[in-house]
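Welcome! Please take a moment to look over the sequence and the 3D view below, and then we can walk through a few of the features together.

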Amino acid sequence: MAILTILIAVPAVAGIALLTVPQLRGYAREFALGVAVLEFFLAVGMLMAFDRGAAGEIQFSETYAWIPQIGASWALGVNGIGLSLILLSVVLTPLTMLAGWNEDVAESRRAQYYGLILISLAFMVGIFAARDVFLFYVMFEAMLIPLYFLIGSFGGEQRRYAAVKFLIYSLLGGLIMLVAVIALFIAGPGGEQGFLTANLTGLTFDEPWIENLLFLGFFIAFAIKAPMVPVHTWLPTVAESARAGTTALLVAVLDKVGTFGMLTLCLMLFPGASQWAAPVIIVFAVISVIYGALAAIGQDNMFRLVAFTSVSHFGIMVLGIFAFTRTSVEGATFYMLSHGLSTGALFLLVGFLVKRHGTASVGAFGGLQRVVPVFAGTFLIVGLSALALPGMAPFASEIMVLIGAYEATRWGVIIAALGVILAALYILLMYKKVFTGPTPEAMEPTTELSLTERVVIWPLIAAMLVLGFVPALAVDYFKDPSAAIVVSIEEAGQ
């Protein structure tokens, strides 16, 4: 059964139906949530059927001729890494839908918002399952369309500016990658299946500079998406202007396309060039860790603050990826998953606060701990998870990256560790200003977390705790694919 094609088709068809069938508008939220829940159970079924002992191999594989004249195939399949990111997508999508349940009164806007979310979900699954470089590129670029309208149509006053900025950055990276995709086909075996990653893995190039240029073409696009300093500036702008649910989905899942692409395309297809570029990339990764943390400390807008923490966290992921040790790569992969849970929850909680008072300014809040203790306690737990408190999933993944990368780049790890210390500052300072101290009169009417909001956040906290105490539940899915990546790098260096 072509389960991956079904996982792409179900939300895509449902999303298009919501945008085009007026009769569905009255039930847009219920219809979209039902589809997202169906998608979740389909993915859980795939998880149950996945052979955990062969997590390094591509499973649920399906390959069909698509455009044989240019070597493109509809080729899908997942190993442990792709499967985990698909699961992250199908978990967070219905939760973000619930988080924005009452944000639109007009039925037409509801249908548009939920339709675009479902189409985005289809592209997320497609990207994490693509085994054909051309198919990956098409999904990568097509995903910009629903995201552009999600950012530009729903959110604050600067949403259109944020959408255009996001589009310019993403299109620039995508066009550079398109040149590399075409060049890769020319330099590769060609033929009707010339874009299959299996056919391109282990490819040797006539000259090292060819591989280096191809690598850069892909890496720049992924660095923008990740996002890394200095091509990160679109993220704080989008976070400040888009809806909390959109930003949560964007940072928690869609930005992982960048680090996923680095792992599965840059390192696997261009191992020699990855080694060539690693020293410089590690420098930028460490800069991202420190700069993101320092910038977060200086923010008054909570959305921008959390966005900059993600710049810092993505720096740690990239550090782990390009340190090329098994532990660091496993840790970076695990961090992609745990960061999605913690930062997604943090963005949603900030969104709940802003919904109550209409401002994201830290200075406008204060003393909420006394008024809404459950909200405050939930926020503190999620915040502590984001700063990698022991016992939570981000801690286990972060420590794996730092210990694993130490043998490859000691100075890089030592400096990056300062970013971990700074994380305590930006999270606890935000909590202190928002939830402790005297309670301003304007904060007195603040309402406690609703049942729906608890249903959204508490499962994410439970997942962070379970994976924090039993990381093997996730890491076992990453060991073999991470080992295969590291072996390809080691063989290229011989």
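## Before we start

Two strands are said to pair if DSSP finds at least two bridges between them. Keep in mind that this is a predicted model.

## A hairpin of two strands

Let us begin with strand 1 (residues 59–67) and strand 2, which run antiparallel and are joined by 6 bridges. Across this pairing, Glu-62 stands opposite Leu-76 in strand 2. The two strands form a hairpin, with 4 residues between strand 1 and strand 2. In the turn you will find Gly-71, which has a positive phi of about 80°.

## Two helices side by side

Next, look for helix 3 (residues 80–99) and helix 11 (residues 244–254), whose axes come within 10 Å and cross at roughly 170°. Because angles over 145 degrees count as roughly antiparallel, helix 3 is roughly antiparallel to helix 11.

Which residues make the contact? Helix 3 contributes Leu-88, Ser-89, Leu-92, Thr-93 and Thr-96, while helix 11 brings Gly-245, Ala-248, Leu-249, Ala-252 and Val-253.

## Aromatic rings

How many aromatic pairs does the structure hold? There are 27 aromatic pairs. One of them is formed by Trp-66 and Phe-134: this pair is tilted, with 5.8 Å centre to centre and 55° between the planes. Trp-66 lies in strand 1 and Phe-134 in helix 5 (residues 133–142), so the pair ties together parts that are 68 residues apart in sequence. With a relative accessible area of 35%, Trp-66 is partly exposed, whereas Phe-134 is buried at 17%.

Another tilted pair joins Phe-379 and Phe-435, at 4.9 Å centre to centre and 45° between the planes. This pair also links distant parts of the chain, with Phe-379 in helix 17 (residues 373–386) and Phe-435 in helix 19 (residues 410–435), 56 residues apart. Phe-379 counts as buried at 2% relative accessibility, and Phe-435 counts as buried at 1%.

Notes
Residues numbered from 1 in each chain as written. Predicted model: local features only at pLDDT ≥ 70, side-chain atom pairs only at ≥ 80, totals over all residues. Heavy atoms only, no water. Axes fitted to C-alpha atoms, helices over the stretch in contact; angles between N-to-C directions. Parallel < 35°, antiparallel > 145°, perpendicular 65-115°, else oblique. Contact = heavy atoms within 4.5 Å. Phe/Tyr/Trp six-rings, centres within 6.5 Å; stacked < 30°, edge-to-face > 60°. Buried < 20%, exposed > 50% of the residue type's maximum accessible area, 1.4 Å probe, protein only.
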